[in-house]
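Thanks, everyone, for making time this morning.

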Amino acid sequence: MALEMTGSYELPVAREKVWEALNDPEMLKRCIPGCEELERVADNELRALVVAKVGPVKAKFKGKVFLADLDPPAGYRISGEGDGGIAGFAKGGARVDLAETSVGTLLTYTAEAQIGGKLAQLGQRLVAGTAKKTADEFFQNFAAAMTETAG
Amino acid sequence: MNASTVTPIGAPVRRKEDKRFITGKGRYTDDLSRPGQAHAYFLRSPYAHARIRTIDTAAAAEMPGVVGVLTGRDLAQDGLGGLICGWMINSKDGSPMRAGAHPALAVDTVRYVGDHVAVVIAETLNLAKDAAAALAVEYEVLPAVPDLAVAQAQGAAQIHEAAPNNTVFEWELGDRAAVEAAFAQAAHVTEIDIVNNRLAPNPMEPRAAIGEYDAGDEAYTLWTTSQNPHVARLVLSAFVGLAPENKLRVIAPDVGGGFGSKIFIYAEETVCAWAAKKVGRPVKWTCERGEAFLCDAHGRDHVTKGRLALDAQGKILGFQVKTIANMGAYLSTFASCVPTYLYATLLSGQYAIPAIYCEVDAVYTNTAPVDAYRGAGRPEATFLVERIVDKAARELGIDPAEMRRRNFITAFPHQTPVIMCYDAGDYAASLDKALEMADYAGFPARRAEAERRGKLRGIGLSNYIEACGIAPSAAVGSLGAGVGLWESAEVRVNPTGNVEVLTGSHSHGQGHETTFAQLVSARLGIPIDQVTVIHGDTDKVQFGMGTYGSRSGAVGMSAIVKALDKVEAKAKKIAAHILEASEGDIEFKDGRFSVAGTDRGLAFAEVALNAYVAHKFPTSEIEPGLKEGAFYDPTNFTFPAGCHVCELEVDPETGTTEIVNWIAVDDFGTVINPMIVEGQVHGGIAQGVGQALMERVAYDGEGQLVTGSYMDYQMPRAEDFPAFKVGMTETRCPSNPLGMKGCGEAGAIAAPPAVINALADALGTQDISMPATPAKVWAIAQARVTRQAAE
């Protein structure tokens, strides 16, 4: 089941700071909802453990995250895939762009995801809603953390 | 016995089995527990197509409560064979169908979402699930082909090495040259493109199984939700190689609906039986509804092009059909016969069509297997025939009822160009009665009235025919069936005169315990409560072929009639000795054996007692006891037919379709219990309307099932229907002793074209696909409004 999401956030922080944070596993771990572990295993590769709950299904996703098309500090592509065991799998990616604005930085993202197995069976409405909510939560967390840093 | 307590044939007696069903006393497989049983959970593939690189079971095996973790390699090591498809179909060129292997647990490749990767057996279901989460499976994801339209294309991913271009067979039936000649002289040609939507069977009771192994007897017992336990035992013995038949007992206790989906021998039941010995514990599995959507064999899923050649008066000259049938990822037990001999053989419908030619390609896709579902092939044939005839009528400006009348078969027996020889029927009688009950003549006024309310009203006909009473063994054998389709019965008269009837057909909602008992009550003149019907246990009933294809009446009850004939003949002999009369002078009537022309006689129970006491007849001539068995092989299929009329209203603002009137006039031949028959008709119509307006199994481009719950798969509800008006016409079936034809599938066969023809009438277009959801209907209605405004 394919999902697509887009969004943008205005952050009152300089673009370099945002870029740094986007490459900081600690920062990402704080902001990814349900993220229990996130560690760098290579230059552009991280290992992740995320607990996700979609409707009645709760699963621990073990997976890898890759950073690509790095264009500091203008943006990158972040992608990953996770195995949720009996719940199924999820994989996807997002193009993240950072633009300088008068107040700081405009972050825009375009994400797409593929899910399969029991998760997909839950149906588009439930899954798409949860995915959008999770993405929003991440960027809200990220914006809040950035604002904190700026403050 | 008092004859007044007898339940005659034709009495709408209440179902004996309902008391236990509606008071919670039914015993379904999931209600049963065996001492020491453990619970199975199947790890299923989340991918539509992938290679299994490794399965690491070590961590799972260490989890709390785990009794065993088994994979396809364990199955293979034990020498168990794969699941089979029992009907051989040859392609046009004579080559046999190209079937890929179908292991109960995947060995190295998974081929649809839900395919069986491993089984975890633990003390409880939740412990099994927890352990399954600890199974580490490394997949290499392969390109998937969930879409039937591209599965045969060059470059499409290959699902089974054995089936190039994912094509299982390219089959044909009929006379191509004769059809081409018919088209050459046609005054009019009507063409239609049809998608017969894929359906999930959704019986109320999901599948379940308990496997048990008795190490002392070295024998297995499998309790399972089967429509045909004997066939399950045969397949598990002869093909899977689990155990010889004398060491395998299969019990199908109360079963809550099947609609075909419980005919087949599935992976889970097979694995539960095998695993019981492996882990030394009874192994129980109950399917969750979500798993049922994934793994119960689906129904229908055809893409068809039809062409009808007609003369200027609307007389059909020839019919040409090309169908692509989706088999899913594996060939299920009877998958190959559904789109061939259960489909193309009915393409003549109720019509005298001189020439028919049909081609069918069966195609693998990365989706759940597709097999028989209520009607199995015959709904697909009827939908095509009744849609194209209706479309032709509209194109030629002939009233659809008149169009049908002009083409009806009126003389019997009638040999169609597609194997079937219809033995009896009166199609005009059904049509006339249905039109009268529907007040067809008054429809234009009702339509005008609806229009004033802003509604679009339509009326649609469906003149279906089906071939039931499956089937004459030699006939199906010559067409590729791996088994004969006779039925068995045993009538055991007990010394006190009550009776046990053992039947090889199986009841899972059809009411056999009542209908079969009714037959025996009427025949032997004993009260219906003195007759018990026993079915569903291979240790009790010697052999049988199960229930599907509306065969239990025409074939199963015919076997009982044969056994009853033998019982009566023997009882007459015994009665003759006791009454000191000649055997030829003994009459049996109203439960009494009497000497013709005298008042000397014996009640049935008295003869029964004498049979077992054996004091009053020479046992050198007559064996003691009163128990007779029979096998009945039908001489022909039976051909139930009828006319359904659907009247509906569309709200062009919302796209909602409301069925406002439904008339069903069916010719089922002799009817034993009209109440049960009417119930079968109601259920069938509801399922058919579900297909027409609501139901569709859908996979996305990656082969993920996106209609895997009742959130996304819509089932019909009581509120979707008006009170059905059910009428009957009767022509006796000459091919079995009771004159029965079968009623189980009729509604599901008749309903879809009646609905879509009515929608076509309401909306003024023939371009309506199933399911005609409100979104689709709204778009058509709005386009119509726009078009009319422009004119």
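Predicted model: local features only at pLDDT ≥ 70, side-chain atom pairs only at ≥ 80, totals over all residues.

Helix α18 of chain B, residues 674–693, packs with helix α19 of chain B, residues 746–763, at an angle of about 40°, and their axes are 7 Å apart. Since angles under 35 degrees count as roughly parallel and those from 65 to 115 as roughly perpendicular, α18(B) and α19(B) are therefore oblique to each other. As for handedness, the crossing in which α18(B) passes α19(B) is right-handed. On the α18(B) side, the residues that make the contact include G683(B), G684(B), Q687(B) and G688(B), while α19(B) contributes, among them, A748(B), A751(B), P752(B) and V755(B). Sorted by class, this contact of α18(B) with α19(B) has 12 nonpolar and 7 polar residues, and no charged ones.

Now to the sheets, and to one of five strands. In chain B, these 5 strands form an open sheet in the order β7-β15-β14-β13-β8, and the pairing in it is mixed. Its edge strands are β7, residues 167–174, and β8 of chain B, each of which pairs on one side only. On average, and with direction ignored, neighbouring strands of this sheet are turned by 10° against each other. Helix α10 of chain B, residues 378–396, packs on the sheet, where it touches β8, β13 and β14 of chain B, and the direction of α10 makes about 140° with that of β8(B).

Within that sheet, I would like to follow β13 of chain B, residues 302–310, to its two partners. Strand β8 of chain B, residues 188–196, runs antiparallel to β13(B), and 9 bridges join the two; one of the pairs involves I194(B), whose bridge partner in β13(B) is T304(B).

Next comes another sheet of chain B. Here 7 strands, in the order β3-β5-β1-β12-β9-β10-β11, form an open sheet whose pairing is mixed. The edges are β3, residues 66–71, and β11, residues 248–251, both of chain B, and each pairs on one side only. Neighbouring strands of this sheet are turned by 20° against each other on average, direction ignored.

Helix α7 of chain B, residues 229–238, lies across β10 and β11 of chain B and runs at about 150° to β11(B). Helix α8 of chain B, residues 267–279, lies across β1, β3, β5, β9, β10 and β12 of chain B, and runs at about 30° to β9(B).

The secondary structure of chain B comes to 20 helices and 28 strands, and its C-alpha atoms fill a box of roughly 95 × 75 × 50 Å along the principal axes. For the 791 residues of chain B, a compact globule would have a radius of gyration near 28 Å, and the value of 28 Å for the chain agrees with that. Chain A has 4 helices and 7 strands, which follow the pattern β-α-α-β-β-β-β-β-β-α-α along the sequence. With 151 residues, chain A has a radius of gyration of 15 Å, close to the 15 Å of the globule rule, so chain A is as compact as a globular protein of that length.

Finally, where the chains meet, 17 residues of chain B are in contact with 15 residues of chain A. Helix α4 of chain B, residues 125–133, gives the most to the chain B side, with 3 residues. That side of chain B divides into 9 nonpolar, 4 polar and 4 charged residues.

Definitions and conventions:
Residues numbered from 1 in each chain as written. Chains lettered and ligands numbered in written order. Axes fitted to C-alpha atoms, helices over the stretch in contact; angles between N-to-C directions. Parallel < 35°, antiparallel > 145°, perpendicular 65-115°, else oblique. Left-handed = near helix turned anticlockwise from the far one by under 90°. Contact = placed C-beta atoms within 7 Å. Nonpolar A, V, L, I, M, F, W, Y, C, P; charged D, E, K, R; others polar. Pairing = 2+ DSSP bridges. Rg over C-alpha atoms; globule rule 2.2 N^0.38 Å.
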